[in-house]
Amino acid sequence: MALGRAWSVAVSGIDGQVVEIEADIGRGLPGVTMVGLPDTALQESRDRVRAAVSNSGAKWPDSKVVLALSPATLPKVGSVYDLGLACAVLDAADVVPTEAVSRTVLLGELALDGRVRPVRGVLPAVLTAKKHGWSRVVVPTATMTEAALVDGIDVYGAETLRELVLWLQGDGPLERPDPRALPPRAVRGDLSEVVGQHEARRAIEVAAAGAHHLMLTGPPGIGKTMLAQRLPGILPDLSENHALEVTAIHSVAGTLTSDRPLVTEPPFIAPHHTASVSSLIGGGTGMAKPGAVSRAHRGVLFLDEVAEMGTKTLEALRTPLEDGEVRIARRDGVARYPARFQLILAANPCPCAPPRDADCVCAPTARRRYLGRLSGPLLDRVDLRVRMQAVATSALMGETGESTDEVRARVARARAAARERWADHGWATNAEVPGPALRQKFRLPRAALEPVEWALRKGAITARGADRALRVTSAPKQRNSCHTARVRVSMYLRQSQDRTGDEYGIERQREQVQQLAAQRGWTIVATYVDNDVSATSRKPRPQFEQMLADLQTGAFDVICARHMDRLLRRLSDLERVLELCEPHGVAIVTAADGVDTTTDGGRLVARILGSVAQGEVERKSARQRAAVLQAAQQGRWVGGRRAFGYESDGVTLREDEAAAIRKGYEAVLAGEPVTAIARMWNDAGLSTTQLKRDGSPGQWQRSGTRDVLLNPRNAGLRRHRPEGDQSAFRKNPEAFVVGRAEWPAIVDEDTWRAAVRVLVSPDRRRAPTRGRQLLTGVGRCHCGSTVHTGGARRDYRTYRCKAQPGHLARKADPIEAYVEAVVVERLSRPDALRLLVPSPTVDTAALGAEADVLRRRLDDLAEDYADGVLTRQQFRTANDRVRARLAEIESTLAESGAGDLLAPILTGGDVAAAWADLSVARKRTVIDALMTVTLHPVGRGVRTFRPESVGIEWRR
């Protein structure tokens, strides 16, 4: 019985353990048995090793071979042991000397022909061998440069098993690595290529100097990704220990390249936003492989479109951000990988992400849901957040920004200063300083801590967020500090409401700002006052805009206000002002809350206070909306501009305007166009309740007149629009009615609802000029289609078939005269008063509701056809059925309302005179309610009018 030994290394994560390989050649049937918890790849190595030994000129033993890998309880993974297994068998067979094998660690996979193939994890394996006192190691030639990164151990490269055997026998050499040569720095985009974005550029520099985590938000195409990709270029090179640590991770991951065996620059890892938890944190079968967080160790992990990532994936980042490492348990053991990276997040503000926030079409819930995937605990671990704005046109024509080399030099000095400052405590950057140390051992002055303590009391930040604010504050200050003599100050004063005009609040602000200026020796050179002006409404602030215009001319050095919410109350306004201040070196300082934007911490506090102010505005808006809804449900009037038809108290009727509104409803139901009603009101000397900019009364136009007629207040009803969507109200006013109101009605509810159905009818919108002639849209061709006026003759009008041009052409004047004479004759009969009796079986409310449902169904059918849910034939069939029922309902409603139209004619005495006084639209409505007029062709050559060619079928 013969026994041989060899040694290799088992790598778990980036840690390793020396493995002893024993080979026993004993009695028994030929075969190979392997023990020591091998995985599948290692079990298959029995055949690989036997073939490699035989093809290398050596003889494989013709008896039983037992291979054992110790420690027996350690799972063995991969093909790295092939070289050691072969040498152990050859040692047992006395092919190679035992003394030579016993001093060598062997790493590599064998091909069937005896070639030595590269394996992963060579660098951590060689580090482990050196740690355990081994003097030499043999690795595949392809990984020899990687192994040579470890000093203090002899590295040899084997191309084939035969070369290794000859070297062990002392009959041939093995390759040695060349002297180490550091590769040149990788070529990256230059920071000067980024246009504008001074605030974001400064944030990138501060993040690089202190290794802080950063989040960039803003619309697409403004430079978020460009800035993140240029961050590694301004970071200093890795130290030797850090470079080996990072290279070991990439060796295990299999991402090292032969031209760059040593990772000397901070890695930049940018996984796709669809990445899974395993690809981000690490995973895989057997022994876990390093994920993106470990491959970004000592470098940058960039998550672009972070709002599109899964919530579970993002939440998995919380532990690595706190601990700086990940521990992943799999079948073959627990792998530990370091993960101390710098996290950079980039996201759009909403799904639609327009260049301007004002153009956003997303619902508020959609905006909240979009960024809601970023949980509070995750965002609490981000040190800096920057809201980037669209680049102004002046930025494209301005000077080129600083280059990467210039910024890298400043970052290197800042990193060196931080290392020197924290050297006695074992910290290298500000981001590594624990919070207790900043709060206790390196506590800032109380005045500097007041903004952070105030934000904690308000709940704007957590204790962890306060620690991160202190870390950022520890970064070097900007070079343009404003705490110097002879500083020009602009004073901004504002109060939202000043009903008396005494400006008491303005004076209090003025005193505090002047006191601060006096204490610091500043000179106030300009004062801007916006009294009785809100900072949250969409109305412009004249003095605020003037101050920003003067800022760009270099008129002052500091903007000073009493409090941040006096200056602005929206984060978008804050970012706008900061972007204007940065290129001109202007700072923002407040007297009450200690904001000073000349420091990174001061800008952080400004953003915190801006967030608090915007939150207060949103809460106040929510309370106001709730109060308005309650008032609407109770039917109360809550003030505002005077409603047409009512006095300023909102309850008392103004009779002349109320009478005009009643006539307007009568005209709508009679078929009159809205423009005619607007002219009627203007002719009556009535003006709109909203004055022009010059203070003169406004004239009625079509849109304003229509809005008045659609208003449910005219029927004594209360409406409520939660989102203020005027367009939705105009399409369906009845949907916004919440109950009865406290003011008297001008018209009854049925009249208002009937008029609304006429005004919002899709047919009315498609044909706003319908009815210029008496029978347009009312008369029928003998084929069943409607008729309209038209023709090439100039001396007379004609009616033509709308469906088939040339199918019918009749002179209009004699036909209209005949139809009008028939109507007058019918209304002059003694039994005409029976036409005023409405049908008792008609439920107008139910029919109106059904008509609304049918109109919405037509819209749904159109959408289903557009989406491909319905075929063309299915769409036509359903559309024709719905339109037929809708026409039937509209005809019934017209007939039921005919009595109101006929009453003035039948009760006036002279029917002919009353008929002559009606407009064409009213005449057409009466004709449509009483009869169906059908036009027949008269044939060629007939020049006289024939009454029998006009068919009249009475409806009642």
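Student: What is the bridge partner of R780 in β29?
Tutor: T934 is the bridge partner of R780 there. Strands here are DSSP runs of E, at least two residues long, and helices are runs of H or I, at least four, both numbered from the N terminus. This is a predicted model: local features need pLDDT of at least 70, side-chain atom pairs count only at pLDDT 80 or more, and totals for chains, interfaces and linings use all residues. Residues are numbered from 1 along each chain as its sequence is written, and side-chain values use heavy atoms, with hydrogens and water left out.

Student: How many bridges join β25 to β29?
Tutor: Two, and the strands run parallel. Strands pair if DSSP finds at least two bridges between them.

Student: What order do the strands of the open sheet have?
Tutor: The order is β25-β29-β30, three strands with mixed pairing. β25 (780-781) and β30 (950-954) stand at the edges with a single partner strand each, so one side of each has no neighbour in the sheet.

Student: New topic. Which residues of helix α28 are buried?
Tutor: V674, A676, I677, A678 and W681. Buried means under 20% relative accessible area, with a 1.4 Å probe and protein chains only.

Student: And what comes just after α28?
Tutor: G685, with a positive phi of about 80°.

Student: Which elements each supply at least two residues of the lining of the largest cavity?
Tutor: α8 (198-210), β18 (384-387) and α25 (571-584).

Terms used
Buried means under 20% relative accessible area, exposed over 50%, partly exposed in between (1.4 Å probe, protein chains only).
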